[in-house]
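Try each task yourself before reading its solution.

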Amino acid sequence: MRSLRQVVDRSLPNKESAYDLCLFAIGYERRARHIAETFTPNPRLRLACAFPDGKSLSYDENYRWFTNAGYKASEISDKEFDSWWASALNSASSSSNENKVTIGVDVSCFNRYKLAAIIDGIRKHSSPKELVVDFWYSLAQYSPPSEEATINHHVGPVHNSFAGWFADAELPIAAVVGLGYEQDKALGAVEHLQVDNVWAFLPQSPIHEYEQQVRTANATLLSSISQIHCMNYALHFPIETLVSLKSLCVSLSQENNLVLLPFGPKLFTLECLLVATLLPELSVWRVSAGANLTPSERLPSEHVFSFCTTWRQQP
Amino acid sequence: MDQSPSIFESFNARNLAPTQVAKTFVPQEQYSKLAKRCHSMLIGPRGSGKTTLLKMLQPQALEVWEHTRAQEFRSRVDFSGVFIASDVSWGRQREAIGDGKLDESTHEQVSRALFTTHVLKALVNCMIFRTSAQPASASNQFRRANISLDRETQLVTALSAAWHVKPDLPSLFALRIALYRRQSEIRELAGREVTLGIEGRPDRLASLPFLFLHFVDAVSIATNAFNDFSNESDAKWALLFDELELAPKWIVDQLILAVRSVDDTLLFKLAMSPVSSYEYPEALKQVAGPAPGQDYEPIPLWYVEKHEPYLFCEALWNRMLAERELPPNSPNEVLGESYSEFSKEAKRIGQSAYQSNARIARSFRDLAKRDSTFRQYLHTKAIDPERLDQVLPKKGDEIVRKIAPLVLFREYFRGHELKAAAQATKRSRKVAEIYGGAESLFAITEGNPRWFIGMLGVLFEKLDPENMKISPQQQARAVEVTAERFVALLRTIPTAIPKVRGQPISIDSIVRRIGEFFEDRAIVAPFVAEPPATFRVPPIIDKDLRSSLDKALNAGAFVYIPDEGAELFLRSISGKRFRLSYLLAPLYHLPLRLGTEASLSSILLGNANDGPKSGDLLDGLRG
């Protein structure tokens, strides 16, 4: 098992950026190809993961773009993803002549299960080489939230490896909740878990319309918890968010069983997963309608964020 | 900086130590039943108080509990309660052990070992409490045991051998630590087995005797040993299992059968949601299985009629005021009378409830002016709304009194046009002040301690001790927030995807359709004296739809209305009658009453005929 050793800022890639492996998702959103298309990183191994469902909107266009750009596009279900990703990491490691493997992952359009599997695969990768992984995130242009009623398919740990471990089941549960702009979604999850101690993270970004919508969608939850339990985090400063999140989780897990509920931007989900690799007793959950969700188009904005992580085998 | 307490800190017994639960505990009839020396099955939806009741059987809670009846219960409870915690997150972790990569049989074996360890830890915790020195400040003593160090050593040595565990020292504390270590070892074992694969697995697992411990046997050995070493040869122990609807089937099967165990040192107190009580038909239906009234006592934790939880709510009210050092004002003094308590109003002002300036008379007159169908109804009954006080006593009792609550609501909502306003905002419905007042507010909480304390706790924090009044607006807002939280929960519950007329329908949509149907019949449709306010599930029903209804019932969205003579213990939802929780009534402008019944088929399929047998069973409702 390898551990996360370092997190640093990293500028966005360009065509000179040489990676051993880059991974993108072929989703139905236009922004699925935005980073690859705009910044044209230059990996030896080009992988694009397509999904078995949701093949509408910009999906076909994205699929064509990636294949024309030399990416190996493979349709991989959630069930198949863990082993597929492990195999991809093995290929990247074995073909790298350096003592480290450089990887770039665009997290914008992966579902939360696959995001968790990506992180899990990285930490379980058996090669002795250091893994240096850049994570990229494309913030979507603002569009109002869907008013479609959804039926949840999954309410539970995002991935079996992130179910956490509560040594003492009698400790009270605390929840750290990243807020999104789906009406009362966070509130429902908190109620489902019967949590008393709730800490909310509100996303702030250069696109200000989101913030008001998030506050409106979570008005009941926000009015129900103490102001000191409400924390703003800046999407454009992911490392600061990671540090704050980790600090809070360390503190809460002294006397609570801790569950992270990362709604909202996928970047926050990624940050929660990274914290969970450092604090494996905590649990990261997702609430998902899965294939029941009607796809909706999300166009890329001009804002892209990135940071770099380094992973080494534990002694 | 806002230091106001979180509504989520209001009350959840799951997150409280037993001594904390005891601080606010108010005993109810169900607690008396649970405290008996017999097996019990506590059945109720979320928040109905199951965890609280179980935790109050623990010796640490009973010892510190201060209440006028506390000593009575300390005398009656002649067993040591061992609370075995459970919750949805812990349950999911148990499911995920081995990262989901173990074969089913190994996963179950590992899961059993984990569960057994969990139970044994709870037992040792209880033993530690009983053998610890009582704090000097404690005024009562409850089930403290006197065991010398020598005997403790012998006890721990015996248990270590029986449980295949190796504490670092022969003490109960060290035994508990060893069990924590055992938990971690089981988790590591699962991970190791994933890596090693299936080859050689049976031999590897066979070499670990703790994997084959049976939790009932392991507990029985320990309780008998403790009794011997503490010279309490006839002492009983109660295993208090919470949230059994989250437990794997094999646990519940074994527990239900264990009530017929020959070991009479053990009692089993099982808490579960209404659905789980019949989702394990094998155990319940077996000839050898237990039968209600014989081996265990079923204790339902819900109320059919709105007045039933009043006394309990009032006792909880008093307790909450006392805890906050607020003046002991009555609920009516602080919250006011409810809108529908027209008799009380009349009594208070010393006049007939039907006098022309009384609320009910005004409502009759106003509704008759607005609603021609109501006018027509009164005409057929020869009742003049302008002269209500001249209605003959018999007719007044039979007709006027019966329809008065409905008239009040119908007139209120037709007059205030809230329905139109609510339809304009799709996201939430404002709660009308008509639902304020002690009687209504208590009914709305359904006697559900979590809802009650959650709602009232926040209101009390804003209460000025000099002016002990909570305005109708504040009450309405509190109900609104509680209802919103509840609806958010209903939306979150994962389900299969039932369909009605080929269209997927979620739990909250089912609830909404039912609510809107009853709203239409009570407020909008032509006036009838007894519009439907309950529904009956068809005898045959699509399994996905049934699953969604089950979950709604477990969450507390529906309340079971047993037919006359039917047992309270719900074995199947099919063919049964339910009402919406009164917590949801304000969202759909419903009076807090039972009403006649409609077929769920009619409601979901939109048939005009409301009768209980109406409507064909169409797609999505046929099993």
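**Exercise 1.** What covers the buried residues of helix 11 of chain B?

*Solution.* Keep in mind that this is a predicted model. Begin with the buried residues themselves: among them are B:F215, B:V216, B:A218 and B:F229. Now look at what covers them: the cover includes helix 7 (104-131), helix 8 (149-163) and helix 12 (249-258) of chain B, together with strand 3 (236-241) and strand 4 (266-272) of chain B. Finally, 11 of the 15 residues of helix 11 of chain B are buried, so this helix is largely enclosed by the rest of the structure.

**Exercise 2.** Check the span of helix 11 of chain B against 1.5 Å a residue.

*Solution.* Helix 11 of chain B covers residues 215-229, which is 15 residues. The expected span is 1.5 Å times one less than that number, so it should be 21 Å. The end C-alpha atoms are 21 Å apart, which agrees. After the helix comes B:N231, with a positive phi near 55°.

**Exercise 3.** Describe how helix 7 and helix 9 of chain B pack.

*Solution.* Start with the geometry: helix 7 and helix 9 (residues 172-196) of chain B pack at an angle of about 165°, and their axes are 9 Å apart. Angles over 145 degrees count as roughly antiparallel, so these two helices are roughly antiparallel to each other. Their crossing is left-handed. Next, find the contact: it includes B:V110, B:L114 and B:K121 of helix 7 and B:L172, B:R176 and B:I186 of helix 9 of chain B. Sorted by class, the contact has 15 nonpolar, 4 polar and 3 charged residues.

Technical notes: Residues are numbered from 1 along each chain as its sequence is written. Chains are lettered from A and ligands numbered from 1 in the order in which they are written. This is a predicted model: local features need pLDDT of at least 70, side-chain atom pairs count only at pLDDT 80 or more; totals for chains, interfaces and linings use all residues. Side-chain values use heavy atoms; hydrogens and water are left out. Helices (H or I, at least four residues) and strands (E, at least two) are DSSP runs, numbered from the N terminus. Buried means under 20% relative accessible area, exposed over 50%, partly exposed in between (1.4 Å probe, protein chains only). Contact means heavy atoms within 4.5 Å. Axes are lines fitted to C-alpha atoms, for helices over the stretch in contact, and angles run from 0 to 180 degrees between N-to-C directions. Angles under 35 degrees count as roughly parallel, over 145 as roughly antiparallel, 65 to 115 as roughly perpendicular and the rest as oblique. A crossing is left-handed if the near helix is turned anticlockwise from the far one by less than a right angle, and right-handed if clockwise. Ala, Val, Leu, Ile, Met, Phe, Trp, Tyr, Cys and Pro count as nonpolar, Asp, Glu, Lys and Arg as charged, and the others, Gly among them, as polar.
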